[in-house]
Amino acid sequence: MRVLLIGANGYIGRFVADRLLADPAVQLTALGRGDDADVRFDLATGSPGALTRFLDAVHPGVVVNCAGAIRGGARELTRHNTVAVATVCEALRRSGCGARLVQIGCGAEYGPSQPGSSTAEDAVPRPGGPYGVSKLAATELVLGSGLDAVVLRVFSPAGPGTPAGSPLGRLAEAMRRAMQSGDGELKLGGLGVQRDFVDVRDVARAVHAASLSAAQGVINIGSGRAVRLRDAAAVLARVAGYGGALHELDAPPVPLRSPIGHPRADSDHAAPVAYPYPDGCGSWQQADVRTARDRLGWRPRINLEESLADIWMEAACRI
């Protein structure tokens, strides 16, 4: 099976590449903006015609799109998350390769949900920020393309390689700084949020399964369990061997630049205050993952403690 992987050098893309390369039946070609890609191509600026010519030359059976942007202004997010997907869809429509498309979506497309509920694929999406809007627009383009396509809505990926700007990445960095400076207490903000964390290696397994399946439409990829960020902080402290006290800041808003950790409460740590939930998902998100089980034969295997241990291992290497 020839697979074209777009965005192989990204957070999810790296693990998808590893998973696909481990399958001896897969012939993998990586397309991206970096020098390490087999073929350099920028989806946000490249033409569908140029991509069509490449597809006709390589003739993949599956195209996996892990490319995109998770931060930036509305224009940048639209360019990298929506326009880029429009380019992929148009190129596949023009090409004679007949490839199946596996698109990586995100839980932010749903927006806030009712605490205690599990969000299924038939929920009406109401994204609460520009990132979720740009990803939802991409999903609608894929679903309306007429292609053999599936969109995997990944909730909150975690594990090795977790970006430093993500909630768990910021939490690990704050704890590393506290341990490095010998602080006996760590003051944290924004810990009331509950998110559905799923290990990035399990996400890669889901992508592999979707590549081999005939499933179409939208499929949620998550653990099926919401975890309060303060509980994740307690697990991370245990994994890290941090014996200090964890104090949750009372202020409900999340600082714009550092929503997680303030090892000291000095005034020079003050930051501009933003909307309490920068991802636009409110205080609660939990995926209903029955469709992934039924249509892909997929279940998450790696628990959050193992994911946090891997996040801490990488953070600790910076001490």
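Which residue stands opposite Val 63 in S4? That would be Leu 4, and the strands around this pairing are a handy way into the fold. What you have here is a predicted model, where local features need pLDDT of at least 70, side-chain atom pairs count only at pLDDT 80 or more, and totals for chains, interfaces and linings use all residues. Residues are numbered from 1 along each chain as its sequence is written, and side-chain values use heavy atoms, with hydrogens and water left out.

**Confidence**
- The chain has a mean pLDDT (the predictor's confidence in each residue, from 0 to 100) of 90, with 91% of its residues at 70 or more.
- Over residues 251-275, pLDDT stays under 50, and the model has 45 contacts beyond four places in sequence for this stretch; a contact means heavy atoms within 4.5 Å.
- Where pLDDT is low, the predicted coordinates should not be read in detail.

**Overall build**
- There are nine helices and 15 strands in the chain, taken as DSSP runs numbered from the N terminus (helices H or I, at least four residues; strands E, at least two).
- The radius of gyration, taken over C-alpha atoms, is 20 Å, which agrees with the value near 20 Å for a compact globule of 319 residues; that rule is 2.2 Å times the number of residues to the power 0.38.
- Along the principal axes, the C-alpha atoms fill a box of roughly 60 × 40 × 35 Å.
- Of the 319 residues, 51% count as buried, meaning under 20% relative accessible area with a 1.4 Å probe and protein chains only (exposed is over 50%, partly exposed in between).
- Among contacts with a separation of 6 or more, 81% come from residues 24 or more positions apart.

**Strands S1, S4 and S5**
- S1 (residues 2-6) runs parallel to S4, joined by four bridges; two strands pair if DSSP finds at least two bridges between them.
- S4 and S5 also run parallel with four bridges, and here Asn 65 stands opposite Gln 103 in S5.
- In a regular strand the side chains alternate between the two faces of the sheet.
- In S4 (residues 62-65), Val 62 and Val 64 point one way while Val 63 and Asn 65 point the other, and all are buried.

**Helix H2 and Phe 54**
- Phe 54 sits in helix H2 (residues 48-58) and counts as buried because its relative accessibility is 18%.
- Leaving aside residues up to four places away in sequence, Phe 54 touches Leu 4, Thr 29, Leu 31 and Val 39.

**The aromatic pair and its surroundings**
- The model has one aromatic pair, counted when rings of Phe, Tyr or Trp (its six-membered ring) have centres within 6.5 Å; planes under 30 degrees apart are stacked, over 60 edge-to-face and the rest tilted.
- The rings of Tyr 110 and Phe 155 have centres 6.0 Å apart and planes at 35°, so the pair is tilted.
- Tyr 110 is in the loop between S5 (100-106) and H4 (130-143), and Phe 155 is in the loop between S6 (149-154) and S7 (156-158), so the pair ties together parts 45 residues apart in sequence.
- Both Tyr 110 and Phe 155 are buried.
- Arg 153 lies over the face of Tyr 110, 4.6 Å from the ring centre; the rule asks for NZ of Lys or CZ of Arg within 6 Å of the centre and within 35 degrees of the ring normal.
- Arg 153 also has a bridge partner in S10, namely Asn 220, and S6 and S10 run parallel with five bridges.
- Strand S10 (residues 217-221) has four of its five residues buried, so it is largely enclosed by the rest of the structure.
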